[in-house]
Amino acid sequence: MAGTTIDFEAVYRALPGMVALLTPDLVFADVNEAYVSGTGRSRESLLGRYVFDVFPESVNSPAAQHSHQLRASLLRVLASGERDAMALQRYDVESPEHSGNWHEHYWSPVNSPVLGPDGRVRLIVHRVEEVTEFVRARGLGGDTAGRVLEAELYTRARELQELNNRLREAHAREREVALVLQKAMLPANRQVGHRAAVRYRPAVGALNVCGDWYDLVDLVGGHRIGVSVGDVVGHGLEAAGVMGQLRSALSAASRVADGPAQALNVLGRYANVVDGAESATVVTTFIDFDRNSITYSSAGHPPPVLLHDDGRVEFLDRATDPPLDARPDPRPRPEASTVFSPGATLVLYTDGLIERRREDIDVGLRRLAESLRRHRTLDPEPLADTVLRELLPPGGATDDTALVVVRL
């Protein structure tokens, strides 16, 4: 096809469906051969004429009860610049040879704008799918509502197929954006190398980004790292945008804060001015490998789990406070500490890992504790995979899930 010149006017005239081009004044600018044949009008009797002069809205016309729907659809296209699909219409066409002799037709019209460089509607593509033969073949003619409904279902199925194709294309484009956004917003775990494993699972049916997040940062002074997880209400790109703002703010605050409570104090004040951060939860831990200690603070988030090397499970729940932006006048966050022996494992997660509908959260916490205890000899990477496999439903969770496993 390289170098081939396409005669688009010839293509337009040969289109199998009935197509007319209307000006913004609703005057026929052009029609294809199928439209001429389907309406029983010559091109000369159509071009340059007002559409409702050709198909009058006279009270004596059997189509009069539907003509206002066509007018309303065309005006919607002009006002919005968007495509408008109409319901199945019965448009009886008067015989050109015999005045007053009307022939029953069933049409499925769709009106689409052609925009100019300035974004204004320059033309309207009035496409009509003729389904009269289908109606006749099925014996659906007449004014019975149930019969017309059956024909309507046929034409609407065609429209839904076209709409689904457009939605799939839009979803593919949004998913591509989501993948890039996810990669940019969620940090690599290079700070702690082989000691940590991170997992990120969006809810079933969601894009590959959501409101759950994690962060691992090197802290100033000694051999210390900060590990955090958080949860923003919602899914998709909007929640991911809020998530990225909060994660970045906490990462910066953690590097200069005296402890996790102070870092959350700063984050809480920042969340107060971020649209969409309402009710966001987060827990952050400062791990000191020189002192074998963990200092932590939680803003409404499920408690981290400290799995000791002897199998004992400790929930870090002694410094829990309301979610971010929950108080109009924020107060200092609580903070607590605990100790560990080398070989212990710290696990942070979001509520998608443990919560189930119509189930108490304590059941999910026990399920997590038992899974960690059974598989405590595994390295972080296989341990993370095993926990997800055992705790998430086989078909995927209905909520997003983030998981961080750190070998201490």
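Because the model is predicted, local features need pLDDT of at least 70 and side-chain atom pairs count only at pLDDT 80 or more, whereas totals for chains, interfaces and linings use all residues. Residues are numbered from 1 along each chain as its sequence is written, and side-chain values use heavy atoms, with hydrogens and water left out.

**The sheet**

The open sheet has 5 strands in the order β9-β19-β18-β14-β15, with antiparallel pairing; strands (E, at least two residues) and helices (H or I, at least four) are DSSP runs numbered from the N terminus, and two strands pair if DSSP finds at least two bridges between them. At the edges stand β9 (196-201) and β15 (313-315), each with a single partner strand, so one side of each is left without a neighbour in the sheet. Neighbouring strands are turned by 15 degrees against each other on average, direction ignored, where axes are lines fitted to C-alpha atoms, for helices over the stretch in contact, and angles run from 0 to 180 degrees between N-to-C directions.

Strand β19 (residues 401-407) pairs in the antiparallel sense with β18 (residues 345-349) over 5 bridges, and with β9 over 6 bridges.

| Residue | Partner in β19 |
|---|---|
| Leucine 348 | Valine 404 |
| Leucine 346 | Valine 406 |

**Burial and cores**

Buried means under 20% relative accessible area, exposed over 50%, and partly exposed in between (1.4 Å probe, protein chains only). In β19, 7 of the 7 residues are buried, so the strand is largely enclosed by the rest of the structure. Both of its faces are covered, with Thr401, Leu403, Val405 and Arg407 on one side and Ala402, Val404 and Val406 on the other.

A nonpolar core is a set of buried Ala, Val, Leu, Ile, Met, Phe, Trp, Tyr and Cys residues joined through side-chain atoms within 4.5 Å. The largest has 45 residues, and those with the most contacts inside it are Leu246, Ile287, Val404 and Leu408; helix α8 (residues 236-256) gives the most to this core, with 8 residues. Leaving aside residues up to four places away in sequence, isoleucine 287 touches residues including Phe340, Leu346, Val406 and Leu408. A second, separate core of 22 residues includes Phe52, Phe55, Val121 and Val128.

Notes. Contact = heavy atoms within 4.5 Å.
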